[in-house]
Amino acid sequence: MKPLNSVISACPPSGIRRFFDIAAQRADVISLGVGEPDFVTPWRVREAGIYALEHGATTYTSNAGLLKLRELVCAELAGRYGAEYAPDGNCVITAGVSEGLDLTLRVLLEPGEEVIVPEPCYVAYQPCVSFAGGRPVPVPTSAEDGFRLRMDVIEAAVTERTKAILIGSPANPTGAVQTREDLAALVALAVKHDLYLISDEIYDRLTYTGAHTCLSALPGAMERTVLLGGFSKAHAMTGWRVGYLCAPRPIADLALRMHQYTMLCAPHVSQLAAVEALSSAGDEVDEMVADYDRRRRVFVKGLREIGLDCPEPGGAFYAFPSIRSSGLDSETFAERLLHSEGVAVVPGNVFGAPGEGHIRCSYATALPLLEEALERMARFLRQT
Amino acid sequence: MREILEILARDGHATPERIATMTDIPEQTVRERISAWEAAGIIRRYRAVVDWDRYHSAGPTDLPETITAFIDVSLVPARGVGFDDVAARISRFPEVRSVYLVSGSQDLRCTVTGTSLREVSEFVSQKLSTIDRIRATATHFVLKTYKRDGDAFIEPETDHRLPVVP
């Protein structure tokens with residue numbers, strides 16, 4: 001047989017898979033390895049989905065997505081962050097941020113062009129750059145300064161082939177939230193070198209220590225920024241696969257062209273559920289955010305009390321504590337913890353080299369389970 | 001400060017230490033607040049939310065089953081007090097679990113509990129109906145409780161999440 005696509009073949013399978021297999025075999029596992037809410041979708045949203053099915057919303061929608069949903073998304077972004085997008089022209093409803101990211105990278109990149117990706121970062125960023133024919137250029141951030149974007153480090157990575165910078169804030173896996181000042185400096189850097197900015201803001205509603213800054217709303221950012229967002233995290237809608245891409249007209253037009261041929265449209269039922277989520281599930285979101293914040297405080301304090309250094313996570317629902325005090329590397333730590341105490345965490349190195357020496361713990365888990373997990377981790381640390 | 005009450009309303013077991021961590025309010029302040037609210041009758045007491053149907057269906061038990069009925073009461077109002085005096089009088093019976101003044105064709109809606117249909121019926125006919133100015137009562141026995149005070153007594157939903165997801 002002829003060889004398969006070399007770029008995809010060269011991409012290593014996700015480092016998480018192995019842990020998934022071990023964790024799935026045990027019944028007593030407490031999983032802190034889950035990157036999605038433990039809440040189910042608010043009932044009124046599910047009910048809207050059921051109603052939509054009952055009334056035959058089983059067809060395609062327009063390629064860009066239901067106008068009503070685009071209007072709600074744009075009104076939300078304008079009202080919340082002052083980011084002005086036209087529902088007709090700047091906004092495409094996608095099958096989650098994952099599709100939005102793929103569209104963006106394929107629209108922006110010529111073969112071999114570089115995208116600067118600060119690490120630790122979501123596991124899909126760099127493979128998606130490669131799949132789009134680009135070359136990911138990872139740059140480090142570090143726990144010492146709370147995983148701030150370092151402009152000197154980013155600028156040092158700029159070459160004449162650099163096309164874009166891809167960031168996520170609040171971040172998976174670190175929970176780090178970039179400050180308005182740092183993001184403004186990033187925009188200045190992008191203007192200086194004429195780079196595009198890709199901003200994954202899927203966790204925008206989940207910030208606890210300060211307001212979220214929408215990158216494209218910063219002065220000078222709009223014309224060069226692609227904003228990706230969705231409903232998976234704040235509205236607990238991961239499985240519905242619905243999100244949005246907002247961008248300047250030329251980018252949005254091409255993204256829509258690709259979306260038209262590759263996805264056609266986001267699922268109709270999911271779009272109607274998202275309409276309900278934006279029009280009336282605000283209270284539920286606020287309640288979930290308040291609940292995450294309480295768990296966050298209890299969990300981070302608990303991690304520190306059992307002897308793990310933990311940078312303050314200001315957003316998302318992850319803590320990214322250092323496990324260096326154990327003397328183990330991330331993978332060994334995670335694997336032994338899973339085997340001996342039945343607690344599943346994700347080793348930090350799967351999110352990039354600077355993640356080594358850390359583990360990602362999701363606190364999107366009920367409080368009694370978080371406490372039990374902390375006890376087990378404390379026991380594990382005493383034995384190591 | 002309201003957040004402290006919200007946490008306690010959901011989990012009466014939450015300790016001041018835990019609430020302090022959750023809210024970033026100093027533990028001493030949390031203790032003082034709770035004491036003040038308890039003293040002022042804002043926090044009236046702490047109790048467990050029990051699914052009695054489940055308790056009884058789990059097998060023979062030491063306790064007789066609890067029968068609940070909603071009783072709608074029509075009243076003759078009195079000058080100066082309206083319905084308040086009769087409502088207060090009804091509220092004093094321990095069998096009466098709740099009393100509301102409501103709009104519509106009846107005036108009061110009460111919840112009454114007992115250990116048998118006969119006990120509840122007798123309470124209504126002997127005690128309630130005979131109170132002066134009570135014009136009529138209508139009794140609705142509860143057959144099954146699905147949700148009470150925000151707690152749904154249905155099977156919890158299974159967690160469909162995979163154990164490890166990026």
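**Figure 1. Chain B set against the globule rule.** A compact globule of 166 residues would have a radius of gyration near 15 Å, yet chain B of this predicted model comes out at 21 Å. Along its principal axes, the C-alpha atoms of chain B occupy a box of roughly 65 × 45 × 35 Å. How much of chain B is buried? Buried residues account for 14% of the 166 residues. If you look at contacts in chain B between residues with a separation of 6 or more, 52% of them join residues 24 or more positions apart.

Figure 2. Six helices and six strands make up the secondary structure of chain B.

**Figure 3. Where chain B meets chain A.** Here we turn to the place where the two chains touch. Twelve residues of chain B are in contact with 22 residues of chain A. Sorted by class, the chain B side of this contact has six nonpolar residues, one polar residue and five charged residues.

**Figure 4. Chain A as a whole.** Chain A contains 13 helices and twelve strands. For 384 residues, a compact globule would have a radius of gyration near 21 Å, and chain A agrees with this because its own value is 21 Å. Its C-alpha atoms fill a box of roughly 60 × 55 × 55 Å along the principal axes. Of the 384 residues in chain A, 51% count as buried.

Figure 5. Domain 1 of chain A is written in two pieces, 6–41 and 283–383, while domain 2 of chain A spans 44–281. Their C-alpha centres lie 25 Å apart. Across the boundary, 38 residues of domain 1 of chain A are in contact with 39 residues of domain 2 of chain A. On the domain 1 side, the elements giving two or more residues are α1 (6–10), α11 (282–305) and β9 (318–319) of chain A. Which element gives the largest share of that side? The answer is α11(A), with seven residues. By class, this side of domain 1 of chain A has 22 nonpolar, ten polar and six charged residues.

**Figure 6. Helix α10 of chain A beside helix α4.** Two packed helices are described by the angle between their axes and the distance between the axes. Helix α4 (residues 67–81) and helix α10 (residues 268–280) of chain A pack at about 35 degrees, with their axes 9 Å apart. The crossing of α4(A) and α10(A) is left-handed. To find the contact, look for A:Lys68, A:Leu69, A:Leu72, A:Val73 and A:Glu76 in α4(A), which meet A:Gln271, A:Ala274, A:Val275, A:Leu278 and A:Ser279 in α10(A). Together these residues are six nonpolar, two polar and two charged.

**Figure 7. Helix α10 of chain A beside helix α3.** Now look at another partner of the helix from the previous view. Helix α3 (residues 43–54) of chain A and α10(A) cross at roughly 140 degrees, and their axes come within 8 Å. This crossing is right-handed. From α3(A), the contact uses A:Arg44, A:Val45, A:Ala48, A:Gly49, A:Ala52 and A:Leu53, and from α10(A) it uses A:Val269, A:Leu272, A:Ala273, A:Glu276, A:Ala277 and A:Ser280. By class, that makes eight nonpolar, two polar and two charged residues.

Figure 8. You will find A:Gly100 in helix α5 (residues 96–108) of chain A. Is A:Gly100 buried or exposed? A:Gly100 is buried, because 28 other C-beta atoms lie within 10 Å, and 20 or more are enough to count as buried. Leaving out residues up to four places away in sequence, A:Gly100 touches A:Thr94, A:Leu228, A:Gly243, A:Tyr244 and A:Leu245. A:His259 is 159 residues away from A:Gly100 in sequence, while the C-alpha to C-alpha distance between them is 8.9 Å.

Technical notes. Residues numbered from 1 in each chain as written. Chains lettered and ligands numbered in written order. Predicted model: local features only at pLDDT ≥ 70, side-chain atom pairs only at ≥ 80, totals over all residues. Helix = DSSP H or I, 4+ residues; strand = E, 2+ residues; numbered from the N terminus. Rg over C-alpha atoms; globule rule 2.2 N^0.38 Å. Buried ≥ 20, exposed ≤ 12 C-beta atoms within 10 Å, placed from the backbone. Contact = placed C-beta atoms within 7 Å. Axes fitted to C-alpha atoms, helices over the stretch in contact; angles between N-to-C directions. Left-handed = near helix turned anticlockwise from the far one by under 90°. Nonpolar A, V, L, I, M, F, W, Y, C, P; charged D, E, K, R; others polar. Domains from an automatic or database assignment.
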